[in-house]
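This report walks through selected local features of one protein model. Please keep the sequence and the coordinates open while reading.

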Amino acid sequence: MPDKQDLDAKLGPAGGWGSVKSISKQFGRAVSGPVTATIMRNQNKPGGFACVSCAWAKPAKPHPFEFCENGAKATLWELTDARADAAFFERHPLSELLTWSDHDLERAGRLTVPLRVDPAADRLVPSTWDEAFEDIGREMRALSDRPQSAIFYASGRASLEASYMWQLMARLYGSSNLPDSANMCHESTSIGLKESVGTPVGSVRLEDFELTDCIFAVGQNVGSNSPRMMHPLQKARQRGVPVIVINPMRERGWEEFVNPQNPVQMLTQRATKMSSLYLQPLPGGDIAAIAGIIKAVYERSDVGEVVDRDFITEHTHGYEGFVDWIKLQSWDELERESGLTREQMQDAGDIFARSRRVMGIYGMGLTQHRLGVQAVQMLINLLLIGGHIGRPGAGICPVRGHSNVQGQRTVGISSRPEQVPLDRIGERYGFQPSKEEGYEIADGCEDIVSGKVRAIISLGGNLLRAVPDQVPVEAAWRNLDVTVNVATKLNRTHLIAGRCAWVLPCLGRIENDVQATGKQVVTMEDSTARIHASHGQKPPAAPNLMSEPAIIARLAREILPPNPRVDWDAWAGNYALVRAEIEAIWPDVFRDYEARLDEPGGFDKPLPSRERKWETKTGLANFILPDALDATFAGHGDGVFRLMTLRSNDQFNTTVYGNNDRFRGVKGARDILFMGPDDMARMSLKVGDRVEVQTVSDDDKDRRLGPLQVVEHPLPKGAVGAYFPEANVLMPLHHYAVDSKTPAYKAIPVRVVPSQMAAE
């Protein structure tokens, strides 16, 4: 651990030589040979492969190296020379692997054979594909009279083709339980944007960054979670575009950036200042902060010039009631609930008022709290007052995580019947899909604990590490009848076994996928609703690996009765047939799908809100009032902190590439609690002191984490931060966003207790 004096000195700009060194270190550890460098030059390029990490846009004219630090790490992690093969599992019993860290489990390398998890023998037992499919099929057929007891989870890395096959298999089985990564990150977006503007995804395209004259960035850590986005942001800043950051944490990516693609910047190390105004609200204080900015706009003498009356009259509903509500909000309450001063909110309002093309960017800091849906809608309200939806250079831009998490929803991965054209699917395949609302992640885990859920099959992911309340969920997981995981690398979820438990190794996206009709192509959708092809680049990690579509097809044949309208084997042998099915169900979205696969920059999915076509109940864009300014911390009394879970810059979701976090001055540790200097002084704590964190909840369950080392970070009073997924043990399953059920990871009520006091 660095001491207090070292912290600021070690925090260099985002990008720059720090990024290059971090990639080089991973290159030396993970892979060997010049072939890897050639493969990486094809990352996020036409004819190449789509990054297996984040979903940020892929430009039509890419940089020579169109990847970021974390994208490079994700690629190298998948291209690793290490193998978790049969010999590996002979050396390492199950009980030993259960003690390994997330980092060490994945570092073991690529899985090469199907594995049956056998706790009685203390082994993951290498088996054959036939044995695996026959065992899974037998157990799933035994549950077919209660199909809603089975969950079909999908990680956001799966392609559009695999995702379509996955949801169809689940629906033909009779289950509507199709939770995915979006449930844990941007379900608040899907619900909030649909109600407000009728389109459940963003309205911004990559070219809008060239036209915007103002950017509001809320609750998103660009430097660690989507670094390629920093290129268009930097260009905007260099031409004088103001960037207002609203984020409780001071994040280096929003402070300074040196572009590794720019030789002059790399030589001079002259960083670009990435924010013009940096506001640090309390976690969960976003609604109050944005409402305060809007109130400041309405108190300006020139408000009539700022508000786009023509747009509001022609295109919106609920405006007068919204303005009345804004005017009723007191500055005292807005300051208390947001953690910002009136002057700070007025400064942001002044910048907004001077701008004509405003873009609202946001991440999980906005979506992952109790009123996440309404926080998204409050940001939309801000944009609507100036007519900033459906205007070039303006709009709403949710920044998605997993590389195809947005695309999965497009092709039917959803537990909500209103989000999927079920009648069309049923008519095409001759069955009646269930229109019962299925499980999201949070309520699905509640019913795993209660015993109602009997099977969970996962297409990728590390679900047991990502979910809230890990301790009771993990215990209940062992009582399931079926647990199946399709994966490229080992993680903790694979080690927690139900009665019939299998790990099925699959090809990675970067590998050549050769099926009956030759080498296959897969597709995915980026954060800006553009669809891209991805082409394999190297031979598979093992000769007997199956692709995700091939695994799904075989599973479907084993667990479902034959359907003359679904030729699973043909689909597995030719993914173009799957794309034809997708186009048949969504003809407007996927028009001429096959012909447009390799269009530079991707081909556009229609965005009605971008064209000011409002597919809402009112037929207009809606101003929506929040139920409250905050719904998490009322009534908890003094001494309760607002805990945010965080990712390090050496991490992508549950994948931990290393234990350093250079943007926050941490080296070699993840048992960390970030605290502001005022709170540390109030509690007589210093850097390196040990504390325990305890959840404050009305269910009287004891949730605690520690000991954690205290690290000083410029945070608002009352806010603390700890790493995801380690801090998930503090999150009650019921602590999720109203309407969307997105876990409220960014605003958990906790107490902080010095370790010696906790022991007493």
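## Leucine 507 and its contacts

Leucine 507 touches Arg110, Thr488, Asn512, Asp513, Pro540, Leu545, Met546 and Ser547, leaving out residues up to four places away in sequence. Contact here means heavy atoms within 4.5 Å. Leucine 507 lies in the loop between β17 and β18 (514-515). Helices (H or I, at least four residues) and strands (E, at least two) are DSSP runs, numbered from the N terminus. The relative accessible area of leucine 507 is 11%, so the residue is buried. Buried means under 20% relative accessible area, exposed over 50%, and partly exposed in between (1.4 Å probe, protein chains only). Proline 549 is 42 residues away along the chain, and its C-alpha is 10.0 Å from that of leucine 507.

This is a predicted model: local features need pLDDT of at least 70, side-chain atom pairs count only at pLDDT 80 or more, and totals for chains, interfaces and linings use all residues. Residues are numbered from 1 along each chain as its sequence is written, and side-chain values use heavy atoms, with hydrogens and water left out.

Helix α8 spans residues 129-142, 14 residues in total. From first C-alpha to last it reaches 20 Å, close to the 20 Å expected at 1.5 Å a residue. The expected span is 1.5 Å times one less than the number of residues. Its buried residues are Trp129, Ala132, Phe133, Asp135, Ile136, Gly137, Glu139 and Met140. Their cover includes strands β6 (150-154), β15 (455-459), β16 (482-487) and β17 (500-505), plus helices α9 (160-173) and α28 (548-559).

Methionine 140 sits in α8. Its relative accessibility is 0%, so it counts as buried. Beyond neighbours within four places in sequence, it contacts Ala150, Phe152, Tyr173, Ala455, Ile457, Val482 and Ile559. Alanine 150 is 10 residues away in sequence, with 8.4 Å between the C-alpha atoms.

## Salt bridges

A salt bridge is a side-chain nitrogen of Lys or Arg within 4 Å of a carboxyl oxygen of Asp or Glu. The count comes to 48. One of them joins glutamate 139 and arginine 499, at 2.9 Å from N to O. This pair links distant parts of the chain, 360 residues apart: glutamate 139 in helix α8, arginine 499 in the loop between β16 and β17. Glutamate 139 counts as buried at 16% relative accessibility. Arginine 499 counts as exposed at 55%.

Glutamate 440 and arginine 416 also form a salt bridge, with the closest N and O atoms 2.6 Å apart. The two are 24 residues apart, glutamate 440 between α24 (422-429) and α25 (441-450), arginine 416 between α23 (405-410) and α24. Both glutamate 440 and arginine 416 are buried. A further bridge pairs glutamate 594 with arginine 579, at 2.8 Å between the closest N and O atoms. Glutamate 594 is in the loop between α30 and β22 and arginine 579 is in helix α30, so the bridge ties together parts 15 residues apart in sequence. Glutamate 594 is partly exposed at 38%, whereas arginine 579 is buried at 4%. Asp130, Arg141, Arg554 and Glu558 form one network of salt bridges that share partners.

## Aromatic pairs

Rings of Phe, Tyr and Trp (its six-membered ring) pair if their centres lie within 6.5 Å; planes under 30 degrees apart count as stacked, over 60 as edge-to-face and the rest as tilted. The whole structure holds 20 such pairs. Tryptophan 77 and tyrosine 657 pair edge-to-face, 5.4 Å between centres and 85 degrees between planes. Tryptophan 77 is in helix α4 (residues 69-78) and tyrosine 657 in the loop between β26 (655-656) and β27 (672-675), 580 residues apart. Both are buried.

Phenylalanine 674 and tyrosine 723 have ring centres 5.7 Å apart and planes at 90 degrees, so this pair is edge-to-face. Both residues are buried. Arginine 664 lies over the face of phenylalanine 674, 5.8 Å from the ring centre. The charged end of arginine 670 sits over the ring of tyrosine 723, at 4.7 Å from its centre. The rule for a charge over a ring is NZ of Lys or CZ of Arg within 6 Å of the ring centre and within 35 degrees of the ring normal.
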